[in-house]
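Student: I would like to learn how to read the features of a protein model, one at a time. Could you take me through this one, giving the general idea before each case?

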Amino acid sequence: MGAIQTSESDTGRSGGPTSAISAATGDDAAFRAEIRAWLTENLNGEFKQLRGLGGPGREHEAFDERLAWDRHLAASGWTCLGWPKEYGGREASVRQQIIFHEEYAKADAPARVSHVGEELLGPTVLAFGTEAQKQRFLPGIRTVSELWCQGYSEPGAGSDLAAVTTSARLDGDEWSINGQKIWTSLAHVADWCFVVARTEPGSKRHKGLSYLLVPMDQPGVTVRPINQLTGTSEFNEVFFDDARTAADLVVGEPGDGWRIAMGTLTFERGISTLGQQIRFERELAGVEELARKTGALDDPLIADQIDRAWVGLRVLRAHAMRTMENAGADDGGGQASVAKLLWANWHRGLGELAMAVRGAAGLVAADDDLDEWQRLYLFTRADTIYGGSNEVQRNIISERVLGLPREARPS
C-alpha cells in the first residue's frame, strides 16, 4: 500500500466507502471552510508553538498555554458546539461536530485541557441535570473557567464501577463524602469532580449509587500524583475525608447514579473519538515513515503489520460512524464498549509496532529522556486498562448485549 493520505470525509489512505452521516452538504462544506480558516489564522503568534502538544501521556506539555488556547476557542465560539443556544452552544449538527473534530486534528491543534468538562460532564448535565445545575455549571464549562475531573475508579474496584465503596451521606444541607478514587486524570488542576458514591448504606453493585458534583478546593480533598512509566504524572489518587458538597448537587435522583454514570460513558466515547482517530492516523503515518527511513519497511512482517494497522483504523472509523447514526439507542452500553475495545487494542498494538520498527535502538533512552516512540509504547500499555479495562468491556458486551450467563463474582 502507498503512503497514508487524508481525505475530506475519511481517515486513512484514500478511497473506500464512507458513512452517510459524513456526506457533505453545502452548509457543511461552508462550516468546514470556516473552522479550517479560523484554525489557520489563529494557530499562529503566541499559539503557533502549541501545535501537536498535549494529549494522553503528554498532558504536562505547555498546560497553561493550552488553557489559554482553550479560552481563546471559547471566546470565538468554538466550544460546546452541539449544545443548545440557550446554554451558549451553536446547536451544531452531529455531522458538523464531526467536521470540527476532524479539522481540529488535521490542523495539529493542541490537545484540549477542558475535555472532561465539555465532552463528559456538560452533556451529562444537559441530559440529566436540573435547570439550576445547568445555569450554575454550563457557563463555566463553555468559557473554560472551571475544569473538571472524573471520580469513578477506586483501588479495590478498578474498572468495575459497580463495586465502588466511596460513600456519601446527607448531613443537614450537605453531602459528607469519604473514600478514595484512583487514576483520576488531571485532578491536580481540576476545580470540580463528578463522583460516583454509594449513598444507600448496605446497597450492592448498581443499586444505591449517586452522581455527585464535588468542589476540589476544600480541606476534605487530597490529591496525590501517580508517577507513570513515561515519567509524567497526569493521573492522580484523590482522597475524600469528610469532603462536602451541597445537597442539591446530585445529578438525577439519589440512588440513580448508575444510570447517570453510564450516560456519561456514552458521551465519552462519542463524537470526539473521530478527532482521536485522526491523531492515531498521524501516529501511524509517523511509524510508516520511520520504517521507510530505517529500512524496516523492507521486512515483509513489518510491512504487513503496517497494512493491518491501516485496516484497523478503517474499522475504528466505520464503528464510530455507525455509533453516531444510532445515537440514543439503548444497547446496554454495547456500542461504547466495542469502541473502547477497538481503539484501545489498536493503539496498544501501534505502540508495539513502533518499537518493532525502532528495533534494538528503542531499548535505550538517550540521556534518560524518552523519544516519541518510546513514550508512545509505554503509555499505550495503559490503553486497555484506563477508561474501562478490556475484561470489563467484554463482560458488558457478553452479559448486557448478548445475554450470556454472568461471570462468577466473589460474594
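Student: How many salt bridges does the structure hold?

Tutor: A salt bridge is a side-chain nitrogen of Lys or Arg within 4 Å of a carboxyl oxygen of Asp or Glu, and the structure holds 24 salt bridges. Before going further, please note that this is a predicted model, in which local features need pLDDT of at least 70 and side-chain atom pairs count only at pLDDT 80 or more, while totals for chains, interfaces and linings use all residues. Residues are numbered from 1 along each chain as its sequence is written, and side-chain values use heavy atoms, with hydrogens and water left out.

Student: Which residue meets glutamate 103 in a salt bridge, and in which helices do the two lie?

Tutor: Helices (H or I, at least four residues) and strands (E, at least two) are DSSP runs, numbered from the N terminus. The partner of glutamate 103 is arginine 36, with a distance of 2.9 Å from N to O. Because glutamate 103 belongs to helix α3 (residues 94–106) and arginine 36 to helix α1 (residues 26–42), the pair ties together parts that are 67 residues apart in sequence. Both residues also belong to a network of salt bridges that links Arg32, Arg36, Glu102, Glu103, Lys106 and Arg317.

Student: Which residues touch the most other members of the largest nonpolar core?

Tutor: A nonpolar core is a set of buried Ala, Val, Leu, Ile, Met, Phe, Trp, Tyr and Cys residues joined through side-chain atoms within 4.5 Å. In the largest one, which has 27 residues, they are Leu121, Trp148, Tyr152, Phe194, Val196, Tyr211 and Leu213. At least two residues of this core come from each of α4 (115–128), α5 (131–142), β4 (192–198), β5 (209–215) and α6 (257–268). Apart from this core lies another, of 21 residues, which includes Leu290, Ile302, Leu313 and Val357.

Student: What does valine 196 touch?

Tutor: Contact means heavy atoms within 4.5 Å. Leaving aside residues up to four places away in sequence, valine 196 touches a set of residues including Tyr152, Leu161, Val164, Tyr211 and Ala261. For the chain, residues 24 or more positions apart account for 72% of the contacts with a separation of 6 or more.

Student: How do I read the span of helix α9?

Tutor: The expected span of a helix is 1.5 Å times one less than its number of residues. Helix α9 (residues 334–358) has 25 residues and reaches 36 Å from its first C-alpha to its last, close to the expected 36 Å. Just after α9 comes glycine 359, whose phi is positive, at about 70°.

Student: Where do positive phi values occur in residues other than glycine?

Tutor: Most residues other than glycine have a negative phi. Aspartate 108 has a positive phi near 60° and sits in the loop between α3 and α4, where aspartate 108 is partly exposed with a relative accessible area of 26%. Aspartate 242, with a positive phi of about 55°, is found in strand β7 (residues 236–246) and counts as partly exposed at 36%.

Student: What is the overall make-up of the chain?

Tutor: The chain has 11 helices and 8 strands, and 50% of its 411 residues count as buried.

Terms used:
Buried means under 20% relative accessible area, exposed over 50%, partly exposed in between (1.4 Å probe, protein chains only).
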